[in-house]
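Here is a friendly walk through one protein model, with an eye on its helices, its charged pairs and a piece of its surface. Keep the structure open beside you as you read.

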Amino acid sequence: LINDANFGGGLKPGRSLKAIIPGGSSSKVLKAGEVFKLNRKGADGQMTKVDVPLLDLPYDFDSLQQAGTMSGSSAIIVMDDSRSLVETLANLSEFYAHESCGQCTPCREGALWMAKGLHRLTHGEGRKQDAEYLTHIAQNIQGRTICAFGEAAAWPV
């Protein structure tokens, strides 16, 4: 699918795959080279775990869910080796911080804190504890907001 001219034209010549975000900005990032254990029915009709590399991962609800992500809005984002995952995440976090309605504290404050932390990282001011800091904030947003927007802001982090 990634190299198919019918779907976005594939990667530019000389570039290699870095990551795929399969369901828009709020779904889990799948990194190049990842292998997923998916439940599949064998020839004997029994369910078994099968290793499926990222580029062979079917784009269906069950397969994506087993891989720990989702189809979401089905806006597939493909990044090659010219993109920085941290800069991409900073861009997404800035969007979520800006778009938060501000009604609930975990989303309003957490999205802003994540955006500020990622801004530090992308501007040469990162701290040793920033990865743990970002993960802690994201985990404290999940399940504590009025709507799904907070979850969407936290999941990429």
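## Helix α4 and its buried face

Let's begin with the buried residues of α4, which are Asp130, Leu134, Ile137, Ala138 and Ile141. Looking down the axis of α4, you will find these buried residues within an arc of 95 degrees, so they line one face of the helix. On the other side of α4 sit Glu132 and His136, both exposed. Please bear in mind that this is a predicted model.

Helix α4 covers residues 130-141, 12 residues in total. From first C-alpha to last it reaches 17 Å, close to the 16 Å expected at 1.5 Å a residue. The cover over its buried residues includes α3 (105-122) and α5 (149-154). Just after α4 comes Gly143, with a positive phi of about 80 degrees.

## Helix α3

Helix α3 has 18 residues, which should span 26 Å at 1.5 Å a residue. Its end C-alpha atoms are 25 Å apart, in agreement with that figure. After α3 you will meet Gly124, whose phi is also positive, near 70 degrees.

The buried residues of α3 are Cys107, Gly110, Ala111, Met114, Ala115, Gly117, Leu118 and Arg120. Among the elements that cover them are α2, α4 and α5. Keep Arg120 in mind, as this buried residue of α3 returns in the next section.

Which residue forms a salt bridge with Asp130? The partner is Arg120, and the closest N and O atoms of the pair are 2.7 Å apart. This pair links distant parts of the chain, with Asp130 in helix α4 and Arg120 in helix α3, 10 residues apart.

Are Asp130 and Arg120 buried or exposed? Both are buried, and a residue counts as buried when its relative accessible area is under 20%. Arg127 belongs to the picture too: salt bridges that share partners join Arg120, Arg127 and Asp130 into one network.

## Other salt bridges

How many salt bridges does the structure hold? There are five. In one of them, the side chains of Asp81 and Arg15 meet at 3.5 Å, N to O. Asp81 lies in the loop between β5 and α2 (85-99), while Arg15 lies in the segment before β1 (17-21), so the pair ties together parts that are 66 residues apart in sequence. Asp81 is partly exposed, with a relative accessible area of 35%, and Arg15 is partly exposed at 41%.

Back in the charged residues of the chain, Glu109 and Arg108 also bring their side chains together in a salt bridge, at 3.2 Å, N to O. Glu109 is partly exposed, with a relative accessible area of 25%. Arg108 is likewise partly exposed, at 33%.

Key: Residues numbered from 1 in each chain as written. Heavy atoms only, no water. Helix = DSSP H or I, 4+ residues; strand = E, 2+ residues; numbered from the N terminus. Expected span 1.5 Å × (residues − 1). Buried < 20%, exposed > 50% of the residue type's maximum accessible area, 1.4 Å probe, protein only. Arc of directions from axis to C-beta. Contact = heavy atoms within 4.5 Å. Salt bridge = Lys/Arg side-chain N within 4 Å of Asp/Glu carboxyl O.
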